[in-house]
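Work through the exercises below with the sequence and the model open. Each task is followed by a solution in steps.

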Amino acid sequence: MSEHENKSAGEVHHELHSHLPPEPALRVKAMESLLVEKGMLDTDTVDAWIEVYAEKVGPKSGARIVAKAWVDPAFREQLLENGTQAVKELDDAGWAVAHLKVIENTPHLHNLVVCTLCSCYPHAILGPPPNWYKMAAYRSRAVRDPRGVLDEFGVRLADDIELLVWDSTSELRYLVLPERPGGTEGWDEEKLASIVTRNSMIGTQRDLSLDEGAS
Amino acid sequence: MDGIHDLGGKQGFGRVDVDEPEEAFHSDWEARAYGIVRAMKKAPDWTLDKFRFTREQIEPADYLTRPYYDQWLQSYAALMVGAGVASVEEIASGHAKTGPASLGPAPDPVSVAAEQKQAGVTFARPGSAPAFSVGDKVLTKPHAHGGHTRLPSYIRGHIGEIAHVRGAFIFPDDSAAGIERAEPLYTVAFKASDIWPGEGLSHMVLLDLWESYLDLA
């Protein structure tokens, strides 16, 4: 067994801090070659995961779910009732998270999602979270000064709009269902999905712009 | 643990970087680190909560300043050292001094598609019936303990209202210590003005909290 068996994780981190090269790229390279030598990693599998998250999984998956909820009332109802089951039944089943909770914005209500303790986020539907979602400024302020945070994102929330901030402290994963903007009557799902942004599904955007869909 | 990770409500961190480019990865090393973490063979006693607890114990200055995926990798490195799978020297040099870890074969590329086909890993487990109902007023525990917990410090000792009863889920405080036990989970709504009075706040904060974090108020 290791000589580090009885050390706390904090002590091990201290040693790693002292001995590892400071540049992240060098650390990654060393870790990858060691894991391969240890028989714990297949580099082709690394490539496959990168391809999935760089090209396939991302906010477009979430946008499709939102667009479908806008045009299909039965799907919307099921999505709000049991998000995991509703998404599982879409044709690209598998992009689901096990415990998806969809929270709906209305003209009188706005939802904002944060993880103050780490970075919980519906990766399988939105891709990897943005850095700001994982950093101290957002995590500390979203629960205490959400209107100030929203203001920095350009969202001026009227005083009479109720604001709910969801701190993702468990394995439940929250996805905001933004409001369908006016002027999109008759649009098909694909065109509707094209105007749904990542931030609108986190809650750091409220009003969607029609520009992208019109182009 | 009352660590640096417990950031809710802390002040002084400045503005949010709202101009960050919207892309999955900002550099090759970020993508590589993400891929490695998803692809690597984990020790049999690995749990998400154990990983989280390990990350929480990164040196506070590193936690606030080192890049996110770099912290992921360092946490996996620490887990490997703790499990006796690798030494700090091996991790620093990138070369094995001892033979392969006997953890079984590394996941192959085919596993990626298979894992994507699953609807995610479930954390729900059979457990006791919930003690609280929607509408009940509950008081959160005033303090935590030195291990991993999902009861943030900003919400301790406050009264909230049960908004949803979610079923029984793996209890993270035990899971981080290698014990799998389920407890009823609730979404509890708190008035921000109760947590931070005198700041003119009108919003609600909702947290997912396990039964043993709560008492009937």
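**Exercise 1: the fold of chain B**

Chain B reads α-α-α-α-α-α-β-β-α-β-α-β-β along its sequence. The model is predicted, so local features need pLDDT of at least 70 and side-chain atom pairs count only at pLDDT 80 or more, while totals for chains, interfaces and linings use all residues. Residues are numbered from 1 along each chain as its sequence is written, chains are lettered from A and ligands numbered from 1 in the order in which they are written, and side-chain values use heavy atoms, with hydrogens and water left out.

Solution. Val138(B) has Gly160(B) as its bridge partner in S2(B). Step 4: the C-alpha trace of chain B spans about 55 × 45 × 35 Å along its principal axes.

**Exercise 2: the interface**

Task: describe the contact of chain B with chain A by residues, area and class.

Solution. Step 1: count residues with heavy atoms within 4.5 Å of the other chain; chain B gives 110 residues and chain A gives 93 residues. Step 2: the two chains bury about 8,700 Å² between them, with 61% of it on carbon and sulfur atoms. Buried area is the accessible area (1.4 Å probe) that two parts lose on being put together, summed over both. Val16(B), Arg32(B) and Gln116(B) supply 8% of what chain B buries against chain A, more than any other three residues. Step 3: there are 48 residue pairs in polar contact across the interface, both residues being at pLDDT 80 or more. A polar contact is a pair of N or O atoms within 3.5 Å; within protein, one must be able to donate a hydrogen and the other to accept it, and residues adjacent in sequence count only if both atoms are side-chain atoms. Helix H4 (residues 68-82) of chain B gives the most to the side of chain B that touches chain A, with 12 residues. By class, that side has 57 nonpolar, 29 polar and 24 charged residues. Nonpolar means Ala, Val, Leu, Ile, Met, Phe, Trp, Tyr, Cys and Pro, charged means Asp, Glu, Lys and Arg, and the others, Gly among them, are polar.

**Exercise 3: links between the chains**

Task: find salt bridges and strand pairing between chain A and chain B.

Solution. Step 1: six salt bridges are counted between the chains, each a side-chain nitrogen of Lys or Arg within 4 Å of a carboxyl oxygen of Asp or Glu. Among them, Glu90(B) meets Lys38(A) at 3.1 Å, N to O. Step 2: strand S3 (residues 162-167) of chain A pairs with strand S4 (residues 204-210) of chain B in the parallel sense over four bridges. Trp166(A) has Leu206(B) as its bridge partner in S4(B).

Methods
Helix = DSSP H or I, 4+ residues; strand = E, 2+ residues; numbered from the N terminus. Pairing = 2+ DSSP bridges.
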